[in-house]
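Hi,

Here is the structure I promised to pass on.

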Amino acid sequence: MLSDIELVSQFSHDLGEDYRVAKSYVRDVPTQALLHVRSFTHRLTDKLAASQQLVFDSPNLYDRIELLNRQRVINVRLTRALHRLRSDGNRGAHPEKYHLTAEALEQLAEKAIERLIKLVEALYPLLCGEPVPEYRFEPFDAFAGRDLCYRAVMENDPQAQYLVGMSLKTRALMQKEQEQALRDETELELEPQSEANFKQAAHWFALAASHLPEANYEHGVSLLHGYAGKADVAAGESAIIAAAEAGVVNAMALLGYFYLVGSEQISIDTQLAYRYLQAAADGEQSEAMANLGVLYYQQANYAQAFHYISSAAQAGFPHAQYHLALMLARGEGCEADTLASEQWMAEAAEQGQLDAMLHCAQQMLNNENALGNDFSLAERYLREAVKYGHSVPAMIELSIALADGILGRIDVVGSAALLKMARQRGNDREREVIAPLWESLALQIDKVLSVTQDVEEQRALQRAQELLSDPA
């Protein structure tokens, strides 16, 4: 009986190698596993198109999948499966932007591999002209990380050093976000674990920088942000410029952004911003597409802004999905389309875009005609907007929902704590909104305290009363 790797290799030799590498990285370098999943999906669309003598007119993976669907090369179920893998791969590029933990990232990589083999199984009869052979799915192993470390240390292999650095950087970025959220929740000074991983990542990037342009870009970013201690912005920008000139897509995207907004040694230059952002966008770098859209938006060229922002949204970039939803709602550069706007807003929220989360939660709680009224989802969105974005409007919205029982329960302690946090963080205008809510909640607590005989309820009400009486 074939193994899953042998099955994919029999399906396509080239794709079999992509699949093998992706699977080998799941345990130790899940970001690389997900990037290989995306590469696999991209090359699979080429194979599907070639089977029907179809020629793509766009490098964008979203456009390719949709063209295959429109031409009836694949059915709706397969289209959804390809889009799901595209989304999984996009998350591998910037996992920290999706608020993923290391464990969640590994689980995502595992699921992506399982989806990939199921897709191969479904496509096997179509592309090979025979039933799918029997096969067994072999367990994931943890050898790739050990092999990378061996090659990085003992063989001084630049590619292995770069990948070890990427693994450490990804872990550090996710740790940093979790540390910040925990610090805000507990108001305690905690020993950051991310710093050690940033320092190690900087070490490996520095070793590989002179050999690999991709490593030189990451070395530049580490200098820019002071991964190893003190930042060296000038040296960091120089490394990023060199990597951009060497054709590194992420470097071109960042350099284009620097020319768009200015930096320490780079002056704003719209023409150069356009040049580098366009080059990165041609390489399907989603942030570059989004920033190119911003550039055109600033020039009031809404049609071009819509084109690039929608391309970035289709490539899976959550911030672009949020801004596309706004443009569709306003009819900027396009026909106004309320339904499409709501769908993109929901997509951005599901991918962790905090403004979209707040918007969708408010719609679910306050608009009976909203696209889906899932109060548990609304609560999750609001809590994440509070945890990761420190959003005062989200604090206020969640406080009201908990006080009024909209979420299926009344939690005056949670409501009071959120209102107190909102008042501490809010601006003058937000405090004006908070003041009557504060007074109303205090009166509500006093009224219930005067009539309740339940000891536990009394304790909760007294705790909420303490929170509201605290002048801080």
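This is a predicted model: local features need pLDDT of at least 70, side-chain atom pairs count only at pLDDT 80 or more; totals for chains, interfaces and linings use all residues.

Before anything else, a word on the labels: helices here are DSSP runs of H or I with at least four residues, numbered from the N terminus.

N156 counts as partly exposed because its relative accessibility is 49%. R72 has a positive phi too, about 65°, and is not a glycine either. You'll find R72 in the loop between α4 (61-70) and α5 (76-93). Its relative accessibility is 69%, so R72 counts as exposed.

Now for the rings. How many aromatic pairs does a search of the whole structure find? The count comes to eight. One of them is Y162 with F205: the ring centres are 6.4 Å apart and the planes sit at 50°, so this pair is tilted. The two partners come from distant parts of the chain, 43 residues apart, with Y162 in helix α8 (residues 158-186) and F205 in helix α9 (residues 194-208). Both Y162 and F205 are buried.

Then there is Y259 with Y276. Here the centres are 5.9 Å apart and the planes are at 10°, so the pair is stacked. Y259 belongs to helix α12 (residues 249-261) and Y276 to helix α13 (residues 270-282), so the pair ties together parts 17 residues apart in sequence. Y259 and Y276 are both buried. Separately, Y274, Y296 and Y308 make up one aromatic cluster.

Is H219 buried or exposed? It counts as buried, because its relative accessibility is 19% and the cut-off for buried is under 20%. If you set aside neighbours within four places in sequence, H219 is in contact with F205, A206 and A209.

Two lysines also sit over rings. K23 lies over the face of F137, 4.1 Å from the ring centre. K47 has its charged end over the ring of F11, at 5.8 Å from the centre.

Last, some helix packing. The axes of helix α15 (residues 302-314) and helix α16 (residues 318-330) come within 8 Å and cross at roughly 140°. That angle is why α15 counts as oblique to α16. The crossing of α15 past α16 is left-handed. On the α15 side, the contact is made by Y302, A305, F306, I309, S310, A312 and A313. On the α16 side, the residues are A320, Q321, H323, L324, M327 and L328.

How do α18 and α20 compare? Helix α18 (residues 354-366) packs against helix α20 (residues 392-404) at an angle of about 25°, with the axes 11 Å apart. That makes α18 roughly parallel to α20, and α18 passes α20 in a left-handed crossing. The residues that meet are L358, Q362, L365 and N366 in α18 and P393, A394, E397 and A401 in α20.

Cheers

Definitions and conventions:
Residues are numbered from 1 along each chain as its sequence is written. Side-chain values use heavy atoms; hydrogens and water are left out. Rings of Phe, Tyr and Trp (its six-membered ring) pair if their centres lie within 6.5 Å; planes under 30 degrees apart count as stacked, over 60 as edge-to-face and the rest as tilted. Helices (H or I, at least four residues) and strands (E, at least two) are DSSP runs, numbered from the N terminus. Buried means under 20% relative accessible area, exposed over 50%, partly exposed in between (1.4 Å probe, protein chains only). A charge sits over a ring if NZ of Lys or CZ of Arg is within 6 Å of the ring centre and within 35 degrees of the ring normal. Axes are lines fitted to C-alpha atoms, for helices over the stretch in contact, and angles run from 0 to 180 degrees between N-to-C directions. Angles under 35 degrees count as roughly parallel, over 145 as roughly antiparallel, 65 to 115 as roughly perpendicular and the rest as oblique. A crossing is left-handed if the near helix is turned anticlockwise from the far one by less than a right angle, and right-handed if clockwise. Contact means heavy atoms within 4.5 Å.
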